[in-house]
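Me: I am new to this structure. Walk me through its charged side chains, please.

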Amino acid sequence: YLGSEQRQVLAILGEGGTGKSALTAKAVEMAQGSNPKAHFVYRFIGATPGSSDGRSLLESLCKEISRRYGADESTVPLDFRDLVPELAQRMSLATAEAPLVLFLDSLDQLSKNQDARRLSWLPAKLPEHVSLVVSSRTEQDIYQNLQGKGAIEKQLGGLKEEYGQKLLGQWLEGANRGLTQGQQDE
């Protein structure tokens with residue numbers, strides 16, 4: 001997705017516990033290593049008490065994008081309605097020489113304040129040189145709103161039991177730990 005000319009949002013979708021946040025964190029790490037000229041901005045919504053507020057999210061995104069591109073962040077508005085078009089304007093600072101890559105994890109944890117869950121702030125068509133990856137649960141209103149934006153959808157399913165057992169075994173081995181048969185059965 002990051003190497004393509006796609007102008008839609010990429011949405012990683014799945015039920016709770018399927019690894020969307022872990023995948024997002026790993027994707028940020030890998031993308032930073034393979035795109036040294038890009039500016040990366042990422043948020044893990046719900047990780048802190050204020051991170052679920054739509055107004056605070058948009059303000060922080062606008063300010064960070066401004067800092068990364070040398071724009072005046074003191075002109076970032078404070079009102080949610082004014083921040084909606086401002087985010088697209090700030091994204092437009094991206095260039096071919098310095099693309100912008102945004103990751104927003106757990107959109108489903110946005111609060112209902114300011115109607116942020118309607119995703120009016122999320123462009124249906126991204127500015128040039130901008131990539132935006134989001135994640136969300138599928139049973140939420142957020143999912144319907146992502147569909148309305150024409151997001152590219154990638155479903156993330158849970159691990160098969162055999163892979164989960166193998167992964168758990170590798171993790172325990174690396175930590176010099178183990179499980180009794182009763183613990184494994186449980």
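Me: Where do Glu59 and Arg55 lie, and how many residues apart are they?
Reply: This is a predicted model. Both Glu59 and Arg55 belong to helix 2, which covers residues 54–68. About one turn of the helix separates them, a spacing of four residues.

Me: How far apart are the closest N and O atoms of Glu59 and Arg55?
Reply: Side chains of opposite charge can pair when their charged atoms come close. A salt bridge needs a nitrogen-to-oxygen distance within 4 Å. Glu59 and Arg55 form one, with their closest N and O atoms at 2.8 Å.

Me: Is Glu59 buried or exposed?
Reply: Buried means under 20% relative accessible area. Glu59 has 12%, so this residue counts as buried.

Me: In the salt bridge of Arg81 and Asp79, which residue is exposed and which is partly exposed?
Reply: The two side chains meet at 3.2 Å, N to O. Exposed means over 50% relative accessible area. Asp79 has 31%, so Asp79 is partly exposed. At 65%, the exposed residue is Arg81.

Me: Which residues are linked with Glu64 in a network of salt bridges?
Reply: Here salt bridges join up into a network. Besides Glu64, its members are Arg43 and Arg68.

Me: How many salt bridges does the count come to?
Reply: The pairs Glu59 with Arg55 and Arg81 with Asp79 are among them. The count comes to eleven.

Conventions. Residues numbered from 1 in each chain as written. Predicted model: local features only at pLDDT ≥ 70, side-chain atom pairs only at ≥ 80, totals over all residues. Heavy atoms only, no water. Helix = DSSP H or I, 4+ residues; strand = E, 2+ residues; numbered from the N terminus. Buried < 20%, exposed > 50% of the residue type's maximum accessible area, 1.4 Å probe, protein only.
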